[in-house]
Amino acid sequence: MAFRITMQTQLAQAQRNVQGSKALLNAAEQQAATQRRLTVPSDDPTGTAGLLAIGRELAQNAQYSRNVEDGQAWLSTVDSTLTTVTDQLTQLRNLAVQAGSGTNSAASRQAIATQMQAIKSNLLALANTQYLGRNVFAGGTDAATAFSVDTTTTPPTYTYNGAAPGAAAPSVERRISPDTTVRVDADGGQVFGEGAGSVFALIDSITSHISGPAPSNETATYLAAIDGFEATIGGIHSTVGSDMQQIQQAGTALQTARTNLVGQQSAIQDADPAEAILQVQTASTAYQVALAVTAKAIQPTLMDYLH
Amino acid sequence: MGGTISSLQIAYSGLSAARLGIDVTGDNTANALTPGYVRQQVSTSPTAEPAQAGPTPSTAQSGSGVTVTGIGQQGSPLLDAQVRLADGAASASSARSQALAQIEATLAEPSATAVSGGLQSFWAAWQEVSNQPGDPAAASALIGQARALTDQIRTVYQGLQQQWAATYQDLAVGAQQLNADATGVAALNQSIRSATNAGGGAAALVVQRNNLLDQMASLAGVTVTYNADSTVDVHIGGTAIVQSTTVHQIAVAGATSMDGVEPPSDASPHLVWADLPGDAVASLDGGSLGGDISILGAQDAGGAIATTAHDLNTLATSLAGQVNAITVPAASATAPDGTAGTTGHAFFAVGSATAPAALTLQVVATGVSDIGVTGSGAAVGSAADQVSQIGAQPGSPDAAWSAAVVALGINAQTASQQSDLDGAAQTAAVNAQQSQESVDPDQESVNLVAYQQAYEANARVLSTMNTVLGDLMTLLQTN
């Protein structure tokens, strides 16, 4: 059906054309100005699903990265503490060897005992090392200190507060992925021993033995006990080292993942600047053409030629 | 040859027909921009030659001039009906599309400041608490995030309530408008019938009636049938709202607030016949009223606003349920003075008999001493870590909300496409109607020239007859 063209249909058509070009221009300008291709879910529902998932993963990624930093701080605290503990044990061993020498006078044995007590105090302080107010050797408990001393008894009693006697302490974990956690503390009960079996009780028994009037030479027994602690601590220390390595790698992996996620997010929601500007140019040209054509088309009527 | 007087009559009939033509052209031009005006055209036919008297017709006879048979409107009921049909569909889909776009704007997804972003920050805050279980600062940050999240949910829900109320208002006003239009159509039916019966023209009244009919079509997608007595009947879904001069008014029934359409009460707003309350207006799916009703419907009837509100309520309930399920059995952190942590601390409270979940969701935890962070027999902070992982689990509030947002996006996209299609169909229908019915100045100019020339030619005939008669008279006087 050939339509009859009247002034009104022509004007309506011209208005629609101008309006359409203007709407396209507006959309193109909006996209170029915001640099966003997706502003509401209906722009791209599938992309929205992706964006929401990516947003969630990015938030998790940021949190896991903070966890990694926190975990690294915990582990380096544990690591440096264990290094100092090993140094103290080496000194203790040297003193024990010295005490075993038969040439010691009572006064020098007393001096050695005093030095050993000083080392015990150091070790006790090290065992109660804290990071941001939390004990690094008390496991995941709320205990005020990892080890407490009761000096009212003779010899003093040492209690490990990290766990029930004989039980393993719950570990402090940091989450580095949805299904992976890394241990960031060390079990104080294993490192320092518990109760009568602790390194503190050992030092007490050595000092009380060598402070006696004519002590027998128990050097071999003591050295074996000290070596036992050193070996245990060495093992734990290497575990801490490998945990540090793991958390370090996790941190790197999180950074890589973050870069990828941001890239994916941008690919879904961001407009390509070059394309956006080109679209604005095209739409602007189309709009101007529509205006020019309309101005030309609607001006003359037959009236202009009838005189 | 007829008598001289009849020759003058012929010339006069031509003159008056040409002058009527100029009048109609003038009327057309004057109403060129009047909405709903249908261009008119003079139709003429030759006047039959007078019957010959006498037994033997001798001379050949000319006709007796021109007769105006009528002033015809160039309207087409078919094109009008197509425009009304397209109007009804376009109004409905445009209302739906706009409503969905508004819901999208209310949700403001996807963004870090929307509910999805609030959930992400909330889970992250739990992770911080897991790292620093006894730290009051981490606990305060968590409670702050949780309050921000409940505020976001409440604000979005209130936005939906406002939209529902505004749409309902629109529906009520539209229904009144429809009743007023129906009354107007019935009154015009009466006037047009009287005018037609009296033999007069009713073009102006028909234009008025057409405008009302167009408005009714746009409101409720009505169909129009033309009766023999120049009146029209107007139907919605097969039942007459206007029958010749009788009007059946409509009224709005059903829930009057968004919470009223939440299942199980689900009495969606709908139209009923005012004289037969309880009798719903059947199959009203066209027009802006049809669009409004489908938007206002209950969630199980696919109402867009109630569906999103339902999603928000589900989010609030499942958020509170899943978080509390972990925090209630978990113990809070040991106080700095060594007091052991206690169990039984709900983090969220939700639900009441009268208000929807999204509005009642609130944070009941107040600080580090009443946030359950430690699972039984496990390390301090383990329960908090478990809570922080809820968001990543299948069946999480986040996953359900994402699905809801995506479903809304798909609906809005489909509605927008449908609206574009209906808009294009409406444009095409209006274009076809206008090309048939609208006035074109060029054509009127041509007609004007033609009628002017016809007038001049007939005047010429008249003056010729005058001269001929004058000659004859002079001849008689001189003899």
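**A tour of aromatic pairs and cavities**

Begin by selecting Phe147(A) and Phe192(A), both of which are buried (under 20% relative accessible area with a 1.4 Å probe and protein chains only, where over 50% is exposed and anything in between partly exposed). This is a predicted model, in which local features need pLDDT of at least 70 and side-chain atom pairs count only at pLDDT 80 or more, while totals for chains, interfaces and linings use all residues. Residues are numbered from 1 along each chain as its sequence is written, chains are lettered from A and ligands numbered from 1 in the order in which they are written, and side-chain values use heavy atoms, with hydrogens and water left out.

Stay with the two phenylalanines: the ring centres of Phe147(A) and Phe192(A) are 5.6 Å apart and the planes stand at 85°, so the pair is edge-to-face. Rings of Phe, Tyr and Trp (its six-membered ring) pair if their centres lie within 6.5 Å, and planes under 30 degrees apart count as stacked, over 60 as edge-to-face and the rest as tilted. Because Phe147(A) lies in strand S3 (residues 147-150) of chain A and Phe192(A) in helix H4 (residues 188-192) of chain A, the pair ties together parts that are 45 residues apart in sequence; helices (H or I, at least four residues) and strands (E, at least two) are DSSP runs numbered from the N terminus.

Now widen the selection to Phe137(A), Phe147(A), Tyr158(A), Tyr160(A), Phe192(A) and Phe200(A), which form one aromatic cluster. Over all chains, the structure holds 14 aromatic pairs.

Next, move to chain B and select Trp164(B) and Tyr168(B), a stacked pair with 5.5 Å centre to centre and 10° between the planes. Both residues lie in helix H4 (residues 136-197) of chain B, four residues apart, about one turn of the helix, and both Trp164(B) and Tyr168(B) are buried.

The largest cavity has about 120 Å³ of space, a volume being the space filled by probe spheres set on the points, which are joined across faces, edges and corners. Of its 13 lining residues, select the closest to the centre: Gln60(A), Gln120(B), Trp123(B), Ala124(B) and Ser388(B). The largest share of this lining, five residues, comes from H2(A).

Finally, select Leu52(A), Arg56(A), Ser116(B), Leu119(B), Gln120(B), Asp398(B), Trp401(B) and Ser402(B), which line the second largest cavity, with about 40 Å³ of space.

Methods
On a 1 Å grid over the protein atoms alone, a cavity is a set of points where a 1.4 Å probe fits but cannot get out, and a pocket is an open set with protein on both sides within 12 Å along at least five of seven lines; lining residues have an atom within 4 Å of a point.
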